[in-house]
Amino acid sequence: MGNNEIDILLVEDNPYEARLTIESLQEQNLANRLHHVDDGAEALDFLFARGRYEDRENESYPKLILLDLNLPKIGGLDVLREIKSDDRTKSIPVVILSSSKQDADVITGYMLGVNSYVVKPVDFDIFSKAISDLGSYWMLLNESSVLLLLAKTRLVA
Amino acid sequence: MLNTITAIQTSSVDDFFADIKKKSDRAINYFLCGFFVAGLILAQFYDTWTVAIGIGGLSLLAYYSTKTLLPESDLYQYVLGAVFGIFMAQYIYQMHGLFEMHFIAFIGSAMLITYQNWKLQIPLALVVIVHHATFAYLQYVGYEKIYFTQLDYMSLQTFIIHALLAVIVFFICGLWAYQFKAFSKTHIEQSFEIGRLQEEEVAKEALEKMNESLEVKVKDRTAQLESVNKELEAFCYSVSHDLRAPLRIINGFGKMLMTKESANMNKVIKENLEIMMKNATQMGMLIDDLLDFCRLGRSSLTVKPIDMNDMVKTVIDEILQDEHTGQHQFHLHELATSKGDPVLMKQVWTNLLSNAVKYSRKRENPMIEIGVSHINGSTTYFVKDNGAGFDMKFSDKLFAVFQRLHKVTEYEGTGVGLALVHRIITKHEGTIWADAKVNEGATFYFTLPNY
């Protein structure tokens, strides 16, 4: 993956789910600069350029994080907590893509500062539309704060 | 129970006095023998053998014959009182008016106390008074061989003082007897009362212990229930996560095949693929409904006033948007305002009305009536349709989860909708029932409590 800039970080342990998500984003041409990790620990390693991702350029952050909740090693909500408690990453929009409609998860998610909580529908057409809508909203319509954040950190440095 | 205790108590008091009577009788036997023998001894002084044997013998005869003939009666005790008086008179006579012999009456009086009956003093006092009066008078007027006193100054005043003192002694002895009896009785009653209180205390302690153990049991059961509930929650969670994902994948990959490989598939493959996808979607809906149903069991109610007219109108609009047929006629009567959880009550109306729409869709003039009637004094909402209806003999299956009265090919559905409605109404502590006939439509009734 190297030093290429990444637009979307997809955190999803199920490879088939990941493929469906990527397919849906591809329809909107949003999957070209997407990186997929399949557990919570790797997601954090990627974001904070640790472990396997030591060589990754430290200051390049994705514009959107799509986060599954049921993840091995470090759960989705814990990943979210880390992201939202670090100054470098807290302004990155995070969308939870969950199979679960559990009230507790939804509440905890929003308490931790998630930007959106989407329950993945079983029907693929609806799923596909939801994903591509999400992608286009956060990637195209919404003004990203990442640039601003980057500018700030550079100034401080 | 209290009556039994009182009975036992009464009989115990009786037993106690019977025992006293027995002991006193035994003592009296010795005393009377002693009196008789004393009479014989006194006979030596003035040669009064006839009197000693005659009067003493008659007295004993009177006492024992009464006692033997009427053993159950207290009469012999009264005779005893008189006999004590007569012995005194006998001794006074035998000793030719020796003043000290008058004191014999007091011995008798004291002896009578043991029976704890003040009335026994009466015959003694009577005999003493009659004896004193007659013998004092006869001696005074100068009859020979009448001996009352050896004092030579026996004036009327002395006599009266003498008699008065005697009566006072009898009175005091009577008072003692009375008080002894009263005391014994109170004592026994108090013992019983203490016993009863102790028993009560024991019973109370046992009850408290039982309550405690009951509380512990309730706590245990509650803990068990809570843990079962938690397990159920975990189960729901895992169903929600792990069961839906594979379905989405089946559906998604099917769709990908359909769009990307469409050119390489013949009609049969496409049809079969569609069936697979449709069923995966159906199962997804089942799981979603089931989860809604599970979640409802755990959530609590937020009760607010509800404008049922507004709510039903909104629901009808929403249903008609999805339905697109537009051929249904709705008759909405003025509905009473009620209180309930607005989110859940909207679910109730949505499910009941979509059911009504669904099952009357095949009619030529599908008609749905919504209104309020008063049944058994409670406000009853109803939704009536002229649709397929159902056979009332299956009505017990109507509100059970996953139970359907129609084939999926006839009317779509998961069999959760009415179960959910039932659960919501029950959670509100209301009631729900239905009335239907095959091909003539169904009416669903429900009531809500007055919060």
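How much area is buried between chain A and chain B, and what percentage of it do carbon and sulfur atoms give? The model is a predicted one, and in it the area buried between chain A and chain B is about 2100 Å². Carbon and sulfur atoms give 55% of that area. Chain A and chain B each contain an open sheet of five strands, with parallel pairing in chain A and mixed pairing in chain B.

**Interface between chain A and chain B**

- The contact involves 23 residues of chain A and 21 residues of chain B.
- Three salt bridges are counted between chain A and chain B.
- One salt bridge joins the side chains of A:Glu17 and B:Arg248, with an N to O distance of 2.6 Å.
- Six residue pairs, both members at pLDDT 80 or more, are in polar contact between chain A and chain B.
- On the side of chain A that touches chain B, at least two residues each come from helix 1 (15-26), helix 4 (103-111) and helix 5 (124-141) of chain A.
- Helix 1 of chain A provides the largest share of that side, namely five residues.
- By residue class, the side of chain A that touches chain B comprises eight nonpolar, six polar and nine charged residues.

**Sheet of chain A and its helices**

- The strands of the open sheet in chain A follow the order 2-1-3-4-5, and their pairing is parallel.
- Strand 2 (34-37) and strand 5 (116-119) of chain A are the edge strands, each pairing on one side only.
- Four bridges link strand 1 (residues 8-11) and strand 2 of chain A in the parallel sense; A:Val11 has A:Val37 in strand 2 of chain A as its bridge partner.
- Helix 1 of chain A packs on the sheet, where it touches strand 1, strand 2, strand 3 (64-67) and strand 4 (94-98) of chain A. The direction of helix 1 makes about 155° with that of strand 1 of chain A.
- Helix 5 of chain A lies across strand 1, strand 3, strand 4 and strand 5 of chain A, and runs at about 175° to strand 4 of chain A.

**Sheet of chain B and its helices**

- In chain B, the five strands of the open sheet are ordered 2-4-5-7-6 with mixed pairing.
- Strand 2 (329-332) and strand 6 (431-437) of chain B stand at the edges with a single partner strand each, so one side of each has no neighbour in the sheet.
- Strand 4 (residues 367-375) and strand 5 (residues 378-385) of chain B pair in the antiparallel sense over eight bridges, and B:Ile368 stands opposite B:Asp385 in strand 5 of chain B.
- Helix 9 (residues 342-360) of chain B packs on the sheet and touches strand 2, strand 4, strand 5 and strand 7 (441-447) of chain B. The direction of helix 9 makes about 30° with that of strand 5 of chain B.
- Helix 10 (residues 417-427) of chain B lies across strand 6 and strand 7 of chain B, at about 140° to strand 6 of chain B.

**Salt bridges in the whole structure**

- Over all chains, a search of the whole structure finds 22 salt bridges.
- The side chains of A:Lys120 and A:Glu12 meet in a salt bridge of 3.1 Å, N to O.
- A:Lys120 lies in the loop between strand 5 and helix 5 of chain A, and A:Glu12 in the loop between strand 1 and helix 1 of chain A, so the pair ties together parts 108 residues apart in sequence.

How values were computed:
Residues numbered from 1 in each chain as written. Chains lettered and ligands numbered in written order. Predicted model: local features only at pLDDT ≥ 70, side-chain atom pairs only at ≥ 80, totals over all residues. Heavy atoms only, no water. Pairing = 2+ DSSP bridges. Contact = heavy atoms within 4.5 Å. Axes fitted to C-alpha atoms, helices over the stretch in contact; angles between N-to-C directions. Buried area = accessible area lost by both parts, 1.4 Å probe. Salt bridge = Lys/Arg side-chain N within 4 Å of Asp/Glu carboxyl O. Polar contact = N/O pair within 3.5 Å; in protein donor to acceptor, adjacent residues only side chain to side chain. Nonpolar A, V, L, I, M, F, W, Y, C, P; charged D, E, K, R; others polar.
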